[in-house]
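These are my notebook entries on a single chain. I set out to look up its charged pairs, its nonpolar core and a few individual residues.

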Amino acid sequence: MTEMNKMNEKALENVTGGVQRTVDTGDTRNAAIRVAPGEDKAQIASLKNGTMVNATGQFVRAGGRNWAEINYPVSGWIKASIIGFERY
């Protein structure tokens, strides 16, 4: 386990609700976190592969893609497939 993952796991101990997931874009690109579901929405952050997030359990379909809401390490929306949700 990488040092970054250990730090993320420690920080997530105090996050209640939702489910922990790991960012995996499938290549070297970072994952875009958006203010709302949709590729046309403003990007508020980007997360590297391996970053642990907390998914709230809220899902939306927008622009032909499934989106999942996260609240850690930043609050926003990420493509659901990037954190392992193929369907919801």
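Predicted model: local features only at pLDDT ≥ 70, side-chain atom pairs only at ≥ 80, totals over all residues.

The entries below follow the order in which I looked things up.

**Entry 1. Salt bridges.** How many salt bridges does the count come to? I found three. I then took them one by one.

I looked up R29 and D27, whose side chains meet in a salt bridge at 2.9 Å, N to O. R29 is exposed, with a relative accessible area of 54%. D27 is partly exposed, at 33% relative accessibility.

I next looked up R65 and E39, whose side chains form a salt bridge at 3.2 Å, N to O. This pair links distant parts of the chain: R65 is in strand β5 (residues 65-72), while E39 is in the loop between β2 (31-34) and β3 (43-47), and the two are 26 residues apart. R65 counts as partly exposed, with 38% relative accessibility. E39 also falls in the partly exposed class, at 44%.

I then looked up K79, whose side chain meets that of E39 in a salt bridge at 2.6 Å, N to O. K79 lies in strand β6 (residues 76-79) and E39 in the loop between β2 and β3, so the pair ties together parts that are 40 residues apart in sequence. K79 is partly exposed, at 23% relative accessibility.

I recorded that E39, R65 and K79 are linked in a network of salt bridges.

**Entry 2. R34.** Which side chain of opposite charge is nearest to R34? I found E39, 5.8 Å away. R34 belongs to strand β2. Its side chain reaches the backbone oxygen of K41 at 2.9 Å. Leaving aside neighbours within four places in sequence, I listed the contacts of R34 as E39, K41, A42, Q43, I44, W67, G76 and W77.

**Entry 3. A62.** Is A62 buried or exposed? I found A62 buried, with a relative accessible area of 18%; the class applies because the limit for buried is under 20%. A62 lies in strand β4 (residues 52-62). Apart from neighbours within four places in sequence, A62 is in contact with P37, G38 and W67. I also looked up A62 against E39: the two are 23 residues apart in sequence, and their C-alpha atoms are 8.4 Å apart in space.

**Entry 4. Nonpolar core.** Which residues of the largest nonpolar core touch the most other members? Of its 14 residues, I listed V23, I33, L47, V53, I70, I78 and I83. The elements that give two or more residues to this core are β2, β3, β4 and β5.

I followed up on I78. Residues up to four places away in sequence being left out, I78 touches V23, A31, A32, I33, N66, W67, A68, I70 and I83.

**Entry 5. Peptide bond geometry.** I looked up the peptide bond from Y72 to P73 and found it cis, with omega near 5°. P73 is placed in the loop between β5 and β6.

Conventions: Residues numbered from 1 in each chain as written. Heavy atoms only, no water. Helix = DSSP H or I, 4+ residues; strand = E, 2+ residues; numbered from the N terminus. Buried < 20%, exposed > 50% of the residue type's maximum accessible area, 1.4 Å probe, protein only. Contact = heavy atoms within 4.5 Å. Salt bridge = Lys/Arg side-chain N within 4 Å of Asp/Glu carboxyl O. Lys, Arg positive; Asp, Glu negative; His and termini not counted. Polar contact = N/O pair within 3.5 Å; in protein donor to acceptor, adjacent residues only side chain to side chain. Core = buried A, V, L, I, M, F, W, Y, C linked by side-chain atoms within 4.5 Å.
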